[in-house]
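This report is for a reader new to the structure. Please look through the sequence and the model below before reading on.

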Amino acid sequence: MRKTIFTKSLKILIVSLLLLAVFFRKERSQKLMALAFILWAVVTVGILLFRQSGKLFKKCRALYSALKQKIGQMMEASEEIPSPFPVQEHPEEPVPPAKPAFPAPDSREYETMLLHIALRITEKLKSAYPQAVWQWKDTPSLQDILKGGTIRILVENMDTYTHADISFDRFGRIHVEPMVIGSFADKENGTNAKPQPGGADGETTPEPSVVDVRVWYELIGQKVLEELITDLNANGHSMLTIKENGDIVVSCQKKKVLKATLDSFPGKAYWKELVSLLEENELKGKISDDSLQVSWI
């Protein structure tokens with residue numbers, strides 16, 4: 001094809017040169033012949049390049065089609081291979097963590113938290129009244145305290161105050177509002193007073209027989225005293241009194257309040273040995289005429 005185009009174009013060039021040489025003068029014919037030759041060369045080369053570019057375009061188009069087909073085959077093959085990580089069409093919403101269960105009222109955690117709150121109250125009261133002691137008016141609910149509810153307590157040794165309202169804010173700060181609450185009549189008329197060890201006829205209550213004071217303290221006395229002293233200390237008390245019949249009393253609202261009773265409490269003949277046992281447990285005992293005082297501060 002190239003030779004045919006070149007041969008035809010060359011013939012046309014020769015004929016054109018001869019005509020220019022015949023019909024024009026020598027100088028002018030030479031210029032026209034040179035211009036004709038240049039024009040022939042440009043046209044011939046242009047035709048050849050155009051045909052060559054057309055073939056190149058076809059080759060590029062064929063290569064593009066083959067490459068596109070290959071890519072399509074690879075995509076189809078990748079879709080057929082199962083993904084190692086399954087994709088959920090509707091991912092489940094994250095489940096919020098469950099709130100911790102509130103301690104049961106009879107659990108150890110509940111008692112510990114309530115004891116800690118009692119210690120905070122004692123610390124607050126004693127910062128203004130060093131001799132202050134107190135007790136719950138009614139057993140509080142730990143949940144109400146943590147929600148900022150108000151709890152009323154009975155106080156003593158705080159000037160003329162008899163009660164106080166306690167509350168905690170959301171920052172954990174304690175607020176104390178002391179107050180004076182009185183009654184029109186004294187409910188304690190003495191009719192329900194406990195009988196004393198000595199009867200009206202002068203008879204005395206026989207002392208219980210004790211074989212070993214240490215064994216009695218380890219089996220009975222130690223557990224009762226430790227639990228009671230823990231609660232009393234949280235309420236600001238520093239001393240309790242044990243009567244001859246085993247009754248444990250503390251001073252509240254300028255009155256003796258019964259807190260517990262010790263079974264088989266040893267008689268006075270064994271109190272010195274009992275005082276020694278108390279000292280071994282970091283308690284201080286003091287013997288009086290009809291009672292034994294136990295202090296821990």
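N235 counts as buried, because its relative accessibility of 11% falls under the 20% limit. In this predicted model, N235 sits in the loop between α5 (213-234) and β5 (239-243). Leaving aside neighbours within four places in sequence, N235 is in contact with A118, T122, V133, W134 and Q135.

Strands of a sheet pair through backbone hydrogen bonds, in either a parallel or an antiparallel way. Here, β1 pairs with β2 (residues 151-156) in the antiparallel sense, over four bridges. Q135, one of the residues in contact with N235, stands opposite L154 in β2.

Other residues can be described by their place and accessibility.

| Residue | Relative accessible area | Class |
|---|---|---|
| N235 | 11% | buried |
| S295 | 17% | buried |
| P266 | 0% | buried |
| F23 | 62% | exposed |

S295 is placed in strand β9 (residues 291-295). Not counting residues up to four places away in sequence, S295 touches S238, M239, L283 and K284.

P266 lies in the loop between β7 (255-261) and α6 (271-280). P266 is buried, because its relative accessible area of 0% is under 20%. Between P266 and G246 there are 8.2 Å in space, C-alpha to C-alpha, while the two are 20 residues apart in sequence.

Is F23 buried or exposed? With a relative accessible area of 62%, F23 is exposed, because this value is over 50%. The place of F23 is in helix α1 (residues 2-23). F23 also belongs to a nonpolar patch on the surface, formed with V15, L19, V22 and F24. Together, the residues of this patch have about 510 Å² of accessible area.

Definitions and conventions:
Residues are numbered from 1 along each chain as its sequence is written. This is a predicted model: local features need pLDDT of at least 70, side-chain atom pairs count only at pLDDT 80 or more; totals for chains, interfaces and linings use all residues. Side-chain values use heavy atoms; hydrogens and water are left out. Two strands pair if DSSP finds at least two bridges between them. Helices (H or I, at least four residues) and strands (E, at least two) are DSSP runs, numbered from the N terminus. Patches are made of residues with over 30% relative accessible area and no salt bridge: like charges are joined within 9 Å, nonpolar side chains (Val, Leu, Ile, Met, Phe, Trp, Tyr) within 5 Å. Accessible areas come from the Shrake-Rupley method with a 1.4 Å probe; for residues, only the protein chains shown count as cover. A salt bridge is a side-chain nitrogen of Lys or Arg within 4 Å of a carboxyl oxygen of Asp or Glu. Buried means under 20% relative accessible area, exposed over 50%, partly exposed in between (1.4 Å probe, protein chains only). Contact means heavy atoms within 4.5 Å.
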